[in-house]
Amino acid sequence: MSGLWNQTRVFSVLGVAYPIVQGPLGGFSSQRLTAGVSNFGGLGGFGAHGMEPEAIRDVIAEIRSLTSKPFAMNLWISMEDEGARTSGEVEFQRAASAIAPHIERLGGPAPVFTPYRPIRFEDQARVVLDAKVPVFSFIYGIPPREILDEARRQKIVMMGTATTVDEAIALEHAGVDIVIASGFEAGGHRGSFLRSSEDSLTGTMSLVPQTVDAVSIPVVAAGGIADARGIAAAFALGAEGVQMGTVFLACEESGAHPVHREAICSGRATRTGLTRGFTGRLARGIRNELMDQMNRPGTEILPYPLQRSLMRNLAIPAQKAGNAELLALWAGQSANLARCADVHELLQALVDGAAARLNR
């Protein structure tokens, strides 16, 4: 790499000032955060995987009202796990029994079974394509060929997430523009799609250089990157950009509940763990009473997204009570490096720090 640290292929392909990508943050995205990152010169992202198509259209319109810079909309290719359409009230009640005592203690209403109503990825993707968003990012697989072809025709940049080298190679063969190499240190869900998530737990330090050697498209490093030192390390491994999630989740502009943000910024996020208990899919968060309980052998867990819907019955009263022990507190392994700040302050520190280390 020659010239200034930020002048990489990621910088060129995305049309941003700095190759810093804000992780999409799933249900904790906010239009304000997405626009704030983009306005500074990074790539803001919005995770829309759980949203109805019409709601996605409204989000895109609001982001565009807040920024004229490039931003990314993120979707999940795989929207449900095996058994989601056949799981019924009996299975629901068995799974609900694990959290019912907590809900009762917090004064929340008992969970009520409602039949599963799926959201189709294709319908969500149609909104993203029709809106001609600057960047379309995705995890849990590769979109169908017709979606990829249309995105290319509309000059929409495509970013796919890989948790293994094989997944990165598959993404390149599909014609994706940028691959995000996501190590298991990352907070939130593991987006594995060629093998099980448990069989795809490669660390960032190992995944990034192997991915750089295996593909010709630009690689963005993700997982455990929380400050300028992490950015410099990722670039030393061959990455041409970084994706950061937990540090943006801690920003006051994020959609995370104050209890969640405080848990990250308090200095108590020393232990994180992986669990399927919060949503039905493997994901990383801060270790607490709820995670330990849901990880116990024999605990009934519904398929994704049924488990995710069930756990909202506990999340609402736990948030109201300010009880961090009974919430899914998504965070990566470097959460203790995060600082609660506004997004401009955070990005300025990252950019200045990266320049000091990489422009020597």
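View 1. The buried residues of α15 are Val343, Leu346, Leu347, Leu350, Val351, Gly353 and Ala354, where buried means under 20% relative accessible area, exposed means over 50%, and partly exposed lies in between (1.4 Å probe, protein chains only). The cover over these buried residues includes β1 (20-22), α2, α10 (228-236), β9 (241-244) and α11 (246-249).

Residues are numbered from 1 along each chain as its sequence is written. Because the model is predicted, local features need pLDDT of at least 70 and side-chain atom pairs count only at pLDDT 80 or more, whereas totals for chains, interfaces and linings use all residues, and side-chain values use heavy atoms, with hydrogens and water left out.

**View 2. Helix α3 and its buried side.** Helix α3, residues 53-66, holds 14 residues and reaches 20 Å from its first C-alpha to its last, close to the 20 Å expected at 1.5 Å a residue. Its buried residues are Pro53, Ile56, Val59, Ile60 and Ile63. They cover an arc of only 110° around the axis, which puts them on the same side of α3; the arc is that of the directions from the helix axis to the C-beta atoms. An α-helix has 3.6 residues a turn, so residues three or four places apart point the same way. Among the elements that cover the buried residues of α3 are α2 (31-40), β2 (44-47), β3 (71-76) and α6 (121-130).

View 3. Gln31 lies in helix α2 and is buried, with a relative accessible area of 18%. When its neighbours within four places in sequence are left aside, Gln31 is in contact with Phe46, Val59, Glu62, Ile63 and Leu66, contact meaning heavy atoms within 4.5 Å.

View 4. Cys265 lies in helix α12 (residues 258-265) and Cys340 in the loop between α14 (306-321) and α15 (343-358), so the pair ties together parts that are 75 residues apart in sequence. Cys265 is partly exposed at 23% relative accessibility, and Cys340 is partly exposed as well, with a relative accessible area of 37%. Cys251, by contrast, is buried, with a relative accessible area of 0%. The closest cysteine sulfur to that of Cys251 is in Cys340, at 8.1 Å, too far for a bond.

View 5. The peptide bond from Tyr304 to Pro305 is cis, with omega near 0°, and Pro305 is found in the loop between α13 (289-294) and α14. Leu25, in the loop between β1 and α2, has a phi near 65°, a positive value in a residue other than glycine, and at 15% relative accessibility Leu25 counts as buried. Tyr140 also has a positive phi, of about 65°, although it is not a glycine. Tyr140 is found in the loop between β4 (135-139) and α7 (145-153) and, at 8% relative accessibility, counts as buried.

**View 6. The chain that holds these details.** The secondary structure of the chain comes to 15 helices and 11 strands. Along its principal axes the C-alpha trace spans about 60 × 45 × 40 Å, and buried residues make up 56% of the 360 residues. Among the contacts in the chain with a separation of 6 or more, 68% come from residues 24 or more positions apart.

Key
Helix = DSSP H or I, 4+ residues; strand = E, 2+ residues; numbered from the N terminus. Expected span 1.5 Å × (residues − 1). Disulfide = S-S within 2.5 Å.
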